[in-house]
Amino acid sequence: MKILVCVKQVPEPEGIAVNRDAHGMAKLETFGRFAMNRFDEFAVEQAINIKESLPDVHIQGITVGPDRADQVLKRAVGMGCDEGIHLLTPTEIDQGPAAVAAWISQIGSEKYDLILCGTMSEDTMNGQVGPMAAALMDLPYATQVIGMQLTRDLSHVTIEREIEGGAREMVRLPLPALLALQPGINRPRYPSLSNLLRANQKVFETISTDTLATVTTEIDCLGFVLPVHARPAQLLTGSAKEKAEQVAGLLKARALI
Amino acid sequence: MDDPVDIMLVAHCLKGRIDPVTYDLIAFGRKLQELGAGPMGLWLLGSHLEGAAQDLADRGGLRVTAVQGERVSDYVNDAFCAVIAQEIEAVHPAFVCTAHTSRGWEWAPSLAARMGAGCVCGVDGLVEFQGRLCFQKDLYGGKVKGLYAANSATTVITVQPGVFKFKPSAEAPTAAAVTLKSAAAPLGQTLYLGCKQAETDTTHITSAPIIVAVGNGIGDRENMKLIHGLAQLLPHAEVAGSRIICDRGWLEYSRQVGITGTTVSPALYLACGISGASQHVMGMRGAKFVIAINTDTSAPMFNETDICIVEDIVSFIPLLEDALRQIAKRNP
């Protein structure tokens, strides 16, 4: 069985700052601290779980991004993936889900029994690459997958997908299929030292996205704005101890204690 | 030949029950019209649709096309896409809009990719910017919002529930016609097996007057005892958490607040180290009074908060406990 796992390198949550510019728009600053998208860790872990429970499973990680993005492939191999493919973009700019899905589908089509990805990325939060890539490869797919069971003959997968209020719907798909996994489906492991050493030796297959079929960008990002306050958002000042006393006083005044 | 529409709203209707998010969608469509979009129609997919379709046509004052059939009565993503793609071919909408739910978010991007349409998911605002119609959505867990404009002839949008508020139209609905169709969804290989409701009992957090909620800012599992200790000092308080805490197994899922968890509306919601992604915030917006403690001044949680405290919860909670004990001592 061949599995492709899609992983994205994203700024760490603490690695970005948001400020207001002179025109009242939001300005984003990143500090060069990147990590594997947390949601993708569940996809990597799931692939490794399958490899540990079945014979002859081969896992390839794939990422789209600039030079630095090969770090997430190292982490994926460190966790237990066999190989990595780096679709190298010429710029730092996020290319958007339609382009990423188109590139992955050009690599992934007809080569894998199972394609796994996370439910969305922490940075752009689109959650579109999975369903878009599935459509372009004409594969059955499911998103928000919180449980999965392969049939014994590996012809189908029965999944549970999480819907609103914690309910779950059950769906059966023939393989090959693409699944976007919900956090909580497993507990992602940390990379092992021996795997990390192996990952450091690895030269990943690198394919420039310039050599792949181009995709017209249908969506332009024109700028960023700060969220508006839905509530008063009164900021307490003083020392930590003074703030704690203010909170206790507020709770007393509101008869909450 | 169907009349062309500019805005195609798509909703699922199970066994004749109108999903409340359908009204949010109509409100979103009206806002699009205020910004210059043309005629709007609602496509309802599901089963036992006659009554629901007429209700929506009357209350919403818009054309409703009810599409029924075996593979759309339950939700199967390939059948949904196939049926909607056929309807799009007939009416050529500029905007195809559905709710940003587990299902809408699943089929919408796939439909867009099949059609070469642009797609924006999780839209929570509509603005004009630089002379273009922009869809606004969360980025970076809601710390900031992006403004997106489409170049495509058709754009597929998923709309955050609970943002656009529906008001019944004051004027009498104008020729709110209902069309019934049967779905010609091709037989796909994806099989719907059924749905099971959440089995966990969540009454402990839905009925609690005070909720001490914990998020990623707690750091180590060891620190969870601070949260439990604080909850013990507050009358009838219960501990709840964000998804990430439950995913780690630090709290049971029955204590998860959010879209995929439980919706709560306590008198006090004390958010400790919660960043405030919309998936969480949707579950606690009904709280009467919200206090948030977080080290990150740009945490979106602070936008949903009455009182903001920029501190590390691990060092702050012991101070808060001291202050609460002092007050209890003074007012026995």
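I looked up strand β14 (residues 289–293) of chain B in this predicted model, and found that it pairs in the parallel sense with strand β15 (residues 307–309) of chain B over three bridges; strands are DSSP runs of E of at least two residues, helices runs of H or I of at least four, both numbered from the N terminus, and two strands pair if DSSP finds at least two bridges between them. Within this pairing I noted that Ile309(B) is the bridge partner of Ile293(B).

I then checked what packs on the sheet, and saw that helix α6 (residues 240–253) of chain A touches β13 (268–272), β14 and β15 of chain B, where contact means heavy atoms within 4.5 Å. The direction of α6(A) makes about 160 degrees with that of β15(B), with axes fitted to C-alpha atoms, for helices over the stretch in contact, and angles running from 0 to 180 degrees between N-to-C directions.

Next I turned to the interface, where 82 residues of chain A are in contact with 91 residues of chain B. For chains A and B the rule finds eight salt bridges across it, each a side-chain nitrogen of Lys or Arg within 4 Å of a carboxyl oxygen of Asp or Glu; I looked up the one between Arg243(B) and Glu162(A), at 2.7 Å, N to O.

On conventions, I kept to residues numbered from 1 along each chain as its sequence is written, with chains lettered from A and ligands numbered from 1 in the order in which they are written. Local features need pLDDT of at least 70 and side-chain atom pairs 80 or more, while totals for chains, interfaces and linings use all residues, and side-chain values use heavy atoms, without hydrogens and water.
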